[in-house]
Amino acid sequence: MVVTTAGAGGDIRLKNEVTAFDESKAGVKGLVDAGVSNIPLMFNHKQNNKLEEYFPVSTNSNIEIPLIDLAGLNEDASVRSKIIDEVRNSSEKWGFFQLINHGVETSVLGEMINGIRKFHEQDVEAKKEYYTRDYNTKNVLYNSNYNLHQASAVCWRDTLTFITGVYRPPKPQELPPTCRDIMIKYTDKMMKLGKTIYEFLSEALGLNPNYLNDIGCADGIFAPCHYHPACPEPDLTMGATAHADVSFITILLQDKIGGLQVLHENQWIDVTPVPGALIVNIGDLLQVNSAYYFLNHDN
């Protein structure tokens, strides 16, 4: 009898590949800068059987996630009532909606995207001091794939994560100089916008407007800022796998390239970038705390 272990050698090679990649602290950008023409096995979702399409991508261009306009919010009670109705319907049927005229200047959104790009495109030695996987004590983390050592296939991206809030106040000296000022400005505006959104969601649930804010939903921000450099074999990998967010809500800033999809009625819907818009996603915690009144769909 012959016992074969065809997968054992491959597993060891993959583990060694992952370890070497992590220890380099250069990220996916480092692979691109090195001129790789083939992606490493760890990023190959096709070979790791992770590219199965369980749901089709919609070809109907008329299906779009709801777009909610906050213009006139504080000027007319009927406008606020209409917005709350739209938030309620969007949260019940989609679990997603886009906001425009939300009070965050387009210049701030653009500066944030550019600041994150500058961080990731600077010299690797300047980034290495922020490279860590210690999410418990570090407020600023740079790495590639939080689940690098657990996933069978990881995503083609590097991430700079900023953690802040009431109990983890920002310390400017901890932030990278390339994006320090804009990260502080941007997260401050997201905290304020988040509180407004929680007011809408509270009222949409028939609660006091301050309810979700009073129980601490808006007390913290976990902000992963992803960077996806050009890939030599894009058909074999992914920038992000299907997932549901575990937060109360996610406020997402998407660049003009796009790529985001949301699952709606068993089909993937492309989220076309809208200049100046922010995307809001209902997370697991809010779905549970709303007694599943609001939905959390994969994206």
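Visitor: Why are E86 and K82 separated by about one helical turn?

Guide: Because E86 and K82 are four residues apart in helix α3. Their side chains meet in a salt bridge, 2.7 Å from N to O. Keep in mind that this is a predicted model.

Visitor: Is E86 buried, exposed or partly exposed?

Guide: E86 is partly exposed, since its relative accessible area is 22%.

Visitor: OK, and which residues of α3 are buried?

Guide: I83, I84, V87, R88, S90 and S91. The buried residues of α3 pack against β1 (67–69), β2 (96–100), α6 (180–204) and β9 (278–282).

Visitor: How many residues does α3 have, and what does it reach from end to end?

Guide: α3 covers residues 77–93, so 17 residues, and reaches 25 Å from its first C-alpha to its last. That is close to the 24 Å expected at 1.5 Å a residue. Just after α3 comes G95, with a positive phi of about 80 degrees.

Visitor: Which residues other than glycine have a positive phi?

Guide: K25 is one of them, with phi near 60 degrees, and E265 is another, near 50 degrees. Most residues other than glycine have a negative phi.

Visitor: Where do K25 and E265 lie?

Guide: K25 lies in the loop between α1 (6–24) and α2 (27–33). E265 is in the loop between β7 (261–264) and β8 (267–270). K25 is partly exposed at 33% relative accessible area, while E265 is exposed at 63%.

Visitor: Back to salt bridges. How many does the count come to?

Guide: Nine salt bridges. One of them joins R133 and D22, with the closest N and O atoms 3.2 Å apart. That pair links distant parts of the chain: R133 is in the loop between α5 (124–128) and β3 (140–143), D22 is in helix α1, and they are 111 residues apart.

Visitor: Are those two buried or exposed?

Guide: D22 is buried, with a relative accessible area of 14%. R133 counts as partly exposed, at 25%.

Visitor: What about α6, which residues pair up there?

Guide: K192 and D188 form a salt bridge, their closest N and O atoms being 3.5 Å apart. They are four residues apart in helix α6, so about one helical turn separates them. K192 is exposed at 55% relative accessible area, and D188 is partly exposed at 39%.

Visitor: And which residues are linked in a network?

Guide: R80, E199 and E203 are linked in a network of salt bridges.

Conventions. Residues numbered from 1 in each chain as written. Predicted model: local features only at pLDDT ≥ 70, side-chain atom pairs only at ≥ 80, totals over all residues. Heavy atoms only, no water. Helix = DSSP H or I, 4+ residues; strand = E, 2+ residues; numbered from the N terminus. Buried < 20%, exposed > 50% of the residue type's maximum accessible area, 1.4 Å probe, protein only. Contact = heavy atoms within 4.5 Å. Salt bridge = Lys/Arg side-chain N within 4 Å of Asp/Glu carboxyl O.
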